[in-house]
Amino acid sequence: LVFAAGAGSHIVATVVSSDYPPAAAGIPKIGDGLNVSLEKALTLNPDLVIGWHDSGAARTLAPSLARLHIPLIYSSPKTLADIPEQILHFGQIFNTQATAGPAARALRQRIHSLQEKYAHAQPVTVFIEVGASPLYTIGRDPLLNNVLHTCGGVNLFAGTQAAAPQIDAETLIVKQPDVLITTEPSPTRYQQRIQDWARLQLAAARNHHIYNVNPDWLFRPGPRLVDAAEALCADLDEARRKQ
């Protein structure tokens with residue numbers, strides 16, 4: 001989001017999983033989402049720290065940042081529409097509105113096009129596989145459920161308390177989703193999962209309604225989530241037409 005706002009050069013440190021865009025590879029990594037080196041963070045004298053949630057590394061840093069009067073802000077989009085708004089927000093913070101404004105407008109237009117195209121689409125039930133062994137899915141995650149809603153999809157597990165609940169195959173057999181979404185980065189693993197689902201005799205597998213979405217696009221709440229939404233909407237629409 002910060003890079004999309006034209007402010008990537010302002011980032012003095014990040015975490016090991018922050019690997020996009022390619023320029024992010026050159027930024028020092030001082031921890032991960034759970035643990036960050038407080039000493040290294042403070043040595044860098046940041047003017048601002050950006051976190052995702054009030055947990056993990058952000059919670060560890062918060063007391064020391066407060067004592068030093070270093071602002072800690074959170075960026076956690078809850079809908080697709082929040083993504084361009086966050087880019088505009090960072091553009092204001094870093095005074096890069098000349099880049100942030102056009103980037104946000106372009107994303108808004110793409111999101112609006114999806115909303116218009118699928119506003120009256122026939123709903124299809126969806127299962128998103130997050131982990132295969134054990135089996136995890138998306139539950140009460142407002143952002144990903146908003147993506148599905150935009151595409152005319154209904155998450156069968158949206159009512160669970162956890163954001164990523166563990167389930168068993170028997171439950172899935174009972175619920176019989178119209179569409180199965182895998183998030184395998186490897187084509188070989190994707191083909192293996194197709195075979196695994198076929199053995200369970202799920203209707204979605206028999207109907208070839210199994211699709212793969214890039215996990216980095218889908219699970220990172222930045223501009224690439226709009227790419228994921230476009231791909232997911234197209235997949236659900238194909239399944240809808242084949243019903």
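User: How many disulfides does the rule for such bonds give here?

Analyst: A disulfide is a pair of cysteine sulfur atoms within 2.5 Å, and by this rule the count comes to one disulfide. Because this is a predicted model, local features need pLDDT of at least 70 and side-chain atom pairs count only at pLDDT 80 or more, whereas totals for chains, interfaces and linings use all residues. Residues are numbered from 1 along each chain as its sequence is written, and side-chain values use heavy atoms, with hydrogens and water left out.

User: Which cysteines form the disulfide, and what do they tie together?

Analyst: The bond is formed by Cys151 and Cys233, with their sulfur atoms 2.0 Å apart. The torsion about the S-S bond of Cys151 and Cys233 is about -85°, so the disulfide is left-handed. Helices (H or I, at least four residues) and strands (E, at least two) are DSSP runs, numbered from the N terminus. Cys151 lies in the loop between α5 (142-150) and β5 (153-155) and Cys233 in helix α10 (residues 224-242), so the pair ties together parts that are 82 residues apart in sequence. Both Cys151 and Cys233 are buried, where buried means under 20% relative accessible area, exposed over 50%, and partly exposed in between (1.4 Å probe, protein chains only).

User: Which strands does β6 run parallel to?

Analyst: Two strands pair if DSSP finds at least two bridges between them. Strand β3 (residues 124-131) is joined to β6 by three bridges, and the two run parallel; within this pairing Val126 stands opposite Val179 in β6. Strand β7 (residues 210-212) is likewise joined to β6 by three bridges in a parallel arrangement, with Leu180 opposite Ile210 in β7. From strand β6 (residues 179-182), Val179 and Ile181 point one way while Leu180 and Thr182 point the other way, and all are buried.

User: Which residues have the most contacts inside the largest nonpolar core?

Analyst: In soluble globular proteins, nonpolar side chains tend to be buried together. A nonpolar core is a set of buried Ala, Val, Leu, Ile, Met, Phe, Trp, Tyr and Cys residues joined through side-chain atoms within 4.5 Å. The largest one here has 36 residues, and those with the most contacts inside it are Leu80, Val126, Ile181, Leu225, Leu232 and Leu236. At least two residues of this core are supplied by each of α3 (82-94), α4 (97-118), β3, α5, β6 and α10, and the largest share, eight residues, comes from α10. Contact means heavy atoms within 4.5 Å; leaving aside its neighbours within four places in sequence, Leu232 is in contact with Val147, Leu148, Cys151, Ile181 and Val213. A second, separate core of 12 residues includes Leu135, Leu180, Trp197 and Leu202.

User: Which residues of α7 are buried, and which are exposed?

Analyst: An α-helix has 3.6 residues a turn, so residues three or four places apart point the same way. In α7 (residues 187-199), the residues Tyr190, Arg193, Asp196 and Trp197 are buried. Seen down the axis of α7, its buried residues fall within an arc of 115°, so they line one face of the helix, the arc being that of the directions from the helix axis to the C-beta atoms. On the other side of α7, Pro187, Thr188 and Arg199 are exposed, while what covers the buried residues includes β3, α6 (169-175), β6, α8 (203-206) and β7.

User: What span does α3 reach, and what covers its buried residues?

Analyst: The expected span of a helix is 1.5 Å times one less than its number of residues. With 13 residues, α3 reaches 18 Å from its first C-alpha to its last, close to the 18 Å expected. Its buried residues are Ile83, Pro84, Gln86, Ile87, Phe90, Gly91 and Phe94; they cover an arc of only 155° around the axis, which puts them on the same side of α3. What covers them includes β1 (49-51), β2 (72-74), α4 and α10.

User: Where are the cis peptide bonds that join Tyr20 to Pro21 and Ser133 to Pro134?

Analyst: Most residues other than glycine have a negative phi, and most peptide bonds are trans. The cis bond joining Tyr20 and Pro21 has an omega of about 0°, and Pro21 is found in the segment before α1 (38-43). The cis bond joining Ser133 and Pro134 has an omega of about 5°, and Pro134 is found in the loop between β3 and β4 (136-137).
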